[in-house]
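Take a look at the chain below. A short report on its fold and contacts follows.

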Amino acid sequence: MGWLNFWPRSQVNNEAEDEDEKKKKAGTKPAADTGEMKKFTAKDLAHFTGENGSRIYVSVKNKVYDCTSGAAFYGPGKAYAVFAGKEVSRCLGKMLIGEEEANANWDDLLPEHMQTLDEWDAKFESKYPVIGTFEPTDEYYARQKLFTP
Ligand code: HEM
């Protein structure tokens, strides 16, 4: 394929705090520390982009990786920020830098794109901890139909 070889608190109960704020705060600690495998829908994952000090999660082949150590790639304003907080298998398999095909089922990719995706997955496996799984929704399957394999 060639592409990859190319790379030279406290217990105070604050009921006014809304769900989003809670998730952002939770996201400032590595989930791996808790030893839990969490499930993330696209909406859940979208909180973890590195904005507001959150951690950076990226899903590849429906495994959610903690890519906070790769903030130089995925952090706010960085080259691959568009992948942060998303399921990006279609984007990686097709070598697309953009969010258009993110959060969509990827099981129809062409063999060559699937192979590229597998190489990305191996890179992520070697570099980042898996902290959860991506939960497909109806929208995830519906979005697949918008794109060519
Ligand atoms: C001319 C085109 C491109 C150049 C020159 C380029 C260059 C680079 C370089 C130098 C790195 C850092 C590698 C490292 O230090 O380990 C990198 C990382 C990365 N590139 Fe590109 N890239 C290009 C196109 C693309 C495209 C089309 C994609 C779409 C999938 C992509 C996705 C990524 C990702 C996801 C990483 C981060 C990998 C990690 O987390 O370690 N790149 N790129």
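Which residues does R90 touch, not counting residues up to four places away in sequence?

## R90 and its surroundings

R90 touches E101, A104, W106, L109 and F147, leaving out residues up to four places away in sequence. Contact here requires C-beta atoms, placed from the backbone, that lie within 7 Å of each other. R90 and W106 are 16 residues apart in sequence. In space, their C-alpha atoms are 5.5 Å apart.

R90 belongs to helix α4. Is R90 buried or exposed? R90 is buried, because 23 other C-beta atoms lie within 10 Å. The cut-off for buried is 20 or more other C-beta atoms within 10 Å of a residue's own; 12 or fewer makes it exposed, and anything in between is partly exposed, with C-beta atoms placed from the backbone.

## About the model

This is a predicted model: local features need pLDDT of at least 70, side-chain atom pairs count only at pLDDT 80 or more, and totals for chains, interfaces and linings use all residues. Residue numbers start from 1 along each chain as its sequence is written.

## Overall layout

The chain holds six helices and five strands. Both are DSSP runs numbered from the N terminus: helices are H or I with at least four residues, strands are E with at least two. Along the sequence, the pattern reads α-β-α-β-β-α-β-α-α-β-α. The chain has 149 residues, and 32% of them count as buried.

## The sheet

Five strands make an open sheet with mixed pairing, in the order β1-β5-β3-β2-β4. Its edge strands are β1 (38-40) and β4 (86-87), and each pairs on one side only. Strands count as paired if DSSP finds at least two bridges between them.

Strand β2 covers residues 57-60 and pairs with β4 in the parallel sense, over two bridges. There, V58 has K86 of β4 as its bridge partner. β2 also pairs with β3, this time antiparallel, over four bridges. β3 in turn runs antiparallel to β5, joined by three bridges. V64 stands opposite G132 in β5.

## Inside the fold

In a regular strand the side chains alternate between the two faces of the sheet. β2 is covered on both faces. Y57 and S59 are buried on one side, V58 and V60 on the other.

The largest nonpolar core has 27 residues, and Y57, V58 and Y65 touch the most other members. Such a core is a set of buried Ala, Val, Leu, Ile, Met, Phe, Trp, Tyr and Cys residues joined through C-beta atoms within 7 Å. At least two residues of this core come from each of α2 (42-45), β2, β3 (63-66), α4 (89-93), α5 (111-127) and β5 (130-134). Leaving aside neighbours within four places in sequence, Y57 is in contact with L45, F48, V64, Y65, D66, C67 and G85.

Note on methods: Two residues are in contact if their C-beta atoms, placed from the backbone, lie within 7 Å.
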